[in-house]
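Thank you all for coming.

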Amino acid sequence: GTEVTALARSRAKAAELSAAGVKVVYGDLDDRPALEQAAQGQDQVYHVAGVVAARNEEDFLRFNRDGTGNMLRAAERSGVARFVLVSSLAAAGPAAPGVPLSGTEEPRPVTAYGRSKLAAEQVVRSAQCPWTVIRPPMVYGPRDREVLKIFRIARLGFAPVFGDGRQELSAVHAADLATALMQAAVAPAATGRIYHASHPEIFSSAHLGRAIGTVMGRSVSTLTIPRRIGLAALATTETFARLTGGATILPTDKANEFFQAAWTGDPSRLMQDTGWQPTYDLQRGLAQTYRWYREAGWL
């Protein structure tokens, strides 16, 4: 019953949205007329766009910080009731083992990507309209292509992890995250607040690989990658990207994420202020995701 407008760059990828009744405006975060058209008449704007791979920190900032500013100004001019920024746990930085982040801590991002997402948050915090910031951790579910890579490797009987496999992680299923965004957009108490949207369950990086194996009906062994080897592999991917003029999701500074003790968030404040309740724990969420991958022919 809600009228939805989506800003999209690709007509081919947006065809499914159009078929579902979504109004599509074609453009990107540098296309001011398209942003104005998309924001016009909206009650809420959800800013979900961003880049996770860039050639350098300047490019990260241009897309994630400056692109957010462009979207925000269009939303302000249209008089939206709430601007919801989908940030990232990377903007907050790592957590201490056993102490998930609540969203009130001083941010300390450890990568160029994380710093660009924090810069986007700082732009939004100066907004002339009501705003809410959501920092998801690892997001997975139907149509996700990042966790799909782990599924594909797990079919071979092993799951590589950086470090010793004891890194603590949080995750959120895409359907739960969507519900969190919608409830935060209308909750009065969520105005001007920063939240971590994750399932309360905490698990290790090694457990993630084994859990994926379980839903696939396979026994999966953990392959640990020491820091020295991990740094060499990341340096190789970054060098290749630079030589080919492209960008990679695995630059050298990604080691600053991969070898932390914990990337965990506490959703308690979000749940209290909005009434949100995540419904997918890791096992249920991975099982549902695996079924979708199989039915869609992705696995």
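What you see is a predicted model, in which local features need pLDDT of at least 70 and side-chain atom pairs count only at pLDDT 80 or more, while totals for chains, interfaces and linings use all residues. Residues are numbered from 1 along each chain as its sequence is written, and side-chain values use heavy atoms, with hydrogens and water left out.

Let me start with the nonpolar cores, by which I mean sets of buried Ala, Val, Leu, Ile, Met, Phe, Trp, Tyr and Cys residues joined through side-chain atoms within 4.5 Å; buried is under 20% relative accessible area, exposed is over 50%, and partly exposed is in between, with a 1.4 Å probe and protein chains only. The largest core has 29 residues, and among those with the most contacts inside it are Tyr 140, Phe 151, Ile 212 and Tyr 293. At least two residues of this core come from each of α4 (89-92), α6 (146-154), α8 (205-216), β13 (262-263) and α12 (282-296), and α8 gives the most, with 5 residues. The helices (H or I, at least four residues) and strands (E, at least two) are DSSP runs, numbered from the N terminus. A second, separate core has 18 residues, including Val 80, Phe 83, Trp 131 and Ile 194.

Now to helix α5, residues 112-124, which has 13 residues and reaches 19 Å from its first C-alpha to its last, close to the 18 Å expected at 1.5 Å a residue, where the expected span is 1.5 Å times one less than the number of residues. Of its 13 residues, 10 are buried, so α5 is largely enclosed by the rest of the structure. Those buried residues pack against α3 (57-78), β4 (82-86), α4, β5 (131-135) and β10 (193-196). Which residues does Glu 121 contact, leaving aside its neighbours within four places in sequence? With contact meaning heavy atoms within 4.5 Å, they are Leu 85, Ser 87, Ala 91, Val 133, Arg 135 and Ile 194. Glu 121 itself counts as buried, at 1% relative accessibility.

Phe 158 is in strand β7, residues 158-162, and is partly exposed, with a relative accessible area of 31%.

Finally, the salt bridges, each a side-chain nitrogen of Lys or Arg within 4 Å of a carboxyl oxygen of Asp or Glu, come to 12. In one of them, Arg 77 pairs with Glu 36, the closest N and O atoms being 2.4 Å apart. Arg 77 lies in helix α3 and Glu 36 in helix α2 (residues 32-39), so this pair ties together parts that are 41 residues apart in sequence. Arg 242 and Glu 238 also meet in a salt bridge, at 2.9 Å from N to O, and both lie in helix α9 (residues 227-243), 4 residues apart, about one turn of the helix. Arg 242 counts as exposed at 60% relative accessibility, whereas Glu 238 is buried, with a relative accessible area of 17%. Salt bridges that share partners also join Arg 55, Asp 59 and Arg 62 into one network.
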